[in-house]
Amino acid sequence: MKKQLLYSSFLLLIGCTAVAQNKDAIKFSQTINKDNASKHLSILASDEYEGRETGKKGGWMAAEYIKNHFKTIGLKGPVSGDYFQPVDIVSFGLSQIVTVDGQPAEPLTDFFIMPKTVSTKGFAFNANSILFAGYGLTKDDYNDYAGQTVAGKVVMIFKSGEPGSPAPTASIRNSSALNAKLKYLTAQKAQAVLLIDPIVDNMPDNLKGYLQSEEMALKNKETMDRQDVPQTMPVITIGTSLANKILAGASTNIDVLKKKITDSGKPSPQEIKISVCASASKVEKKVKSENVLGFLPGSDPKLKREVLIITAHYDHIGITPDAKGDDKINNGADDDGSGTTGVLLIAEAFAKAKKAGKGPKRSILFMTVTGEEKGLLGSEWYSENPVFPLENTITNLNIDMIGRGDKAHESDNNFVYIIGSDMLSSDLDRIGKKANKTYVNINLDEKYNNRTDPNQFYYRSDHYNFAKHGIPVIFYFNGVHDDYHMPGDEVSKIDFPMLAKRAKLVYFTAWELANGLKRPVVNKNDDGTPKM
């Protein structure tokens, strides 16, 4: 009797599960598989695409590939018939010159200037002498500026350290002590500052890469106001070689002066009679880059005005010329070639359903965005210049890295982090988790699903530009790994079965959202408190 009851219950459970699943949804999900994923990603993350950097050849190639896929599977181009939404991005490079006694110094070899310290107006000075002020200290019993006039002078000091202290460890971070030195010189109206820092002599790759990169931003009032701030006192960081060229004007050098200060315990400020000229300015350039949009109109006469948006960013960080080893290309197979591949697969599944007369009731916009690595620029542009009204946008499902795993899940890769699903809408959270339980059964890890997480993942991918407008979101993510933003993020390391499985989770969630009786209700404010 008990055995028969157990068997009956088991049959009932199978029957309930079968009813809960939508056969059409399952049928058209079959195109989302590891082989199709490998086909797309092997192209998008190949060396030929050069790391898909925004505004570069590889990025344009990726955009064309995605556009052609959307066109081939029958999606519509929603931007006046086109698939590209041009994004108004500009870059700001740095033009910089330093000469000593008429001889030009070499940027990034002899000196550097932090780009963010230079406004669009820039600076220029031509000094006939330099005030060397040792360590730049102004203590009660020790003052490197004693008896000297600072106003209007170009002042040269050691970036860090004190008399008699060992050579400091090179660091690219400004310490509070340095800030105090610069604050003093600003108050004393120094014309400019030359900071002697050994880091210039053996510059780390990450600092050199930062200094060589051009800042990208959307061309809007906020950006231009930020770039056009008044120029502060120029600060130029110089290496020991360039410092010694300057000090040669007084027939001395760094080692001699340090020893003199240490042995005497007294400052040794002095005027160096030598010509030093410098200038720097921001150079603005237009960057050609686009979001790629494919549109699937809904089948319901009323609901089709509502739009579900599925996103991933197709850009990555390009080529690192100074990377160690032979591989210089950051292929970005996981970040975010995997997410882009997921969008292509999901789009094809829905397009096939549409052709078979089983298309979604609501419309779906498949959008791969540009400029995520430059500051979420493509998604910000769309959110400020939407092709479809934001009030008609029911949800954003964003995919950023679904092809690998992290150290926390080394023993079982059957997981995905979900972030943001309950931040604005309890409905969306319920729908997403129900879709997983019904169709996929992936471990949904919510470790990072909070606004105070130190990693700030909720704010670091394209979904946030929808969430900040009150649109509920789910962010799908496999965590960071040792190859994050490195040339080692290669196709050969992708777990294609899990990429496909995670993409299926997004697909089934999208199926439920696009066909549900009602759109997810936004019942929470941006800070997580209930809406009144």
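This is a predicted model: local features need pLDDT of at least 70, side-chain atom pairs count only at pLDDT 80 or more; totals for chains, interfaces and linings use all residues.

Modeller: A pocket here, on a 1 Å grid over the protein atoms alone, is an open set of points where a 1.4 Å probe fits, with protein on both sides within 12 Å along at least five of seven lines. Residues are numbered from 1 along each chain as its sequence is written, and side-chain values use heavy atoms, leaving out hydrogens and water.

The lining (residues with an atom within 4 Å of a point) comes to 36 residues, with Gly209, Tyr210, Ser213, Ile317 and Thr320 nearest the centre. Elements giving two or more residues to it are β2 (89–100), α6 (205–212), β10 (215–218) and β12 (270–287); helices are DSSP runs of H or I, at least four residues, and strands runs of E, at least two, numbered from the N terminus. The biggest giver is α6, with five residues. By type, the lining splits into 14 charged, eleven polar and eleven nonpolar residues, where Asp, Glu, Lys and Arg are charged, Ala, Val, Leu, Ile, Met, Phe, Trp, Tyr, Cys and Pro nonpolar, and the others, Gly among them, polar.

Now for histidine 316, which sits in the loop between β14 (307–313) and α10 (333–355). Histidine 316 counts as buried because its relative accessible area is 0%; buried means under 20%, exposed over 50% and partly exposed in between, using a 1.4 Å probe on protein chains only. Beyond neighbours within four places in sequence, its contacts (heavy atoms within 4.5 Å) include Gly51, Arg52, Asn330, Glu373 and His485. Asp335 is on that list too, and the histidine 316 side chain reaches the backbone oxygen of aspartate 335 at 2.6 Å. Serine 119 is 27 Å from histidine 316, C-alpha to C-alpha, and 197 residues away in sequence.

Last stop, strand β8 (residues 154–158), where five of five residues are buried. Val154, Met156 and Phe158 cover one side, and Val155 and Ile157 the other. Pairing takes at least two DSSP bridges: β8 runs parallel to β5 (residues 123–132) with two, and parallel to β9 (residues 192–196) with five. Valine 155 is the bridge partner of leucine 131 and stands opposite valine 193 in β9.

Technical notes. A polar contact is a pair of N or O atoms within 3.5 Å; within protein, one must be able to donate a hydrogen and the other to accept it, and residues adjacent in sequence count only if both atoms are side-chain atoms.
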